[in-house]
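Have the viewer open as you read.

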Amino acid sequence: MEEYHRHCDEVGFNAEEAHNIVKECVDGVLGGEDYNHNNINQWTASIVEQSLTHLVKLGKAYKYIVTCAVVQKSAYGFHTASSCFWDTTSDGTCTVRWENRTMNCGVSLCRPGWNAVVRFRLAATSACQVQVILLPQPPELELQARAMTLS
């Protein structure tokens, strides 16, 4: 019961704090690097793992979902979009865009609240992909859409 009350006190999600943590992780991994296809798996895994490690160190009773994509910079740019169906009063998200002269990186962080986690089951397929299996949702939740363009 005490854990439940502690969670209720931490309902708010500080997107700015999360954004800064993820941005520092991306800067630490990719800063000073040039695009190299052979390093993509290592870079994305490091960004995801470091972001989660630093977020967990905040000591909040949250669940986090972090996805990362790194692509070589080209004239075509990099476009991605995601959407979530959840309770906007307790759930949150942030997106970090990063680029240098040779590559673009996009990191998406979702913090589903307790209600969202109870209502659906998550199955991670890799450090770069997350598969979500949604169960029927109550009508009070709202659809949230995020779009990111890097060019």
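## Cysteines

Start with Cys-25: it counts as buried because its relative accessible area is 3%, and the cut-off for buried is under 20%. Bear in mind that this is a predicted model.

Cys-68 is buried too, at 4% relative accessibility. The nearest cysteine sulfur to Cys-68 belongs to Cys-105, 3.9 Å away. A disulfide needs the two sulfurs within 2.5 Å, and Cys-68 is in none. The disulfide count is zero.

## Salt bridges

There are four salt bridges in the whole structure. One of them joins Glu-17 and Lys-60, with the closest N and O atoms 3.3 Å apart. That pair links distant parts of the chain, 43 residues apart: Glu-17 sits in helix H2, Lys-60 in the loop between helix H3 and strand S1. Glu-17 is partly exposed at 27%, and Lys-60 is partly exposed at 29%.

Another pair, Asp-27 and Lys-23, meets at 3.2 Å, N to O. Both lie in helix H2, four residues apart, or about one turn. Then there's Lys-73 with Glu-99, at 2.8 Å between the closest N and O atoms. Lys-73 is in the loop between S1 and strand S2 and Glu-99 is in strand S3, so this bridge ties together parts 26 residues apart in sequence.

Notes
Residues are numbered from 1 along each chain as its sequence is written. This is a predicted model: local features need pLDDT of at least 70, side-chain atom pairs count only at pLDDT 80 or more; totals for chains, interfaces and linings use all residues. Side-chain values use heavy atoms; hydrogens and water are left out. Buried means under 20% relative accessible area, exposed over 50%, partly exposed in between (1.4 Å probe, protein chains only). A salt bridge is a side-chain nitrogen of Lys or Arg within 4 Å of a carboxyl oxygen of Asp or Glu. Helices (H or I, at least four residues) and strands (E, at least two) are DSSP runs, numbered from the N terminus.
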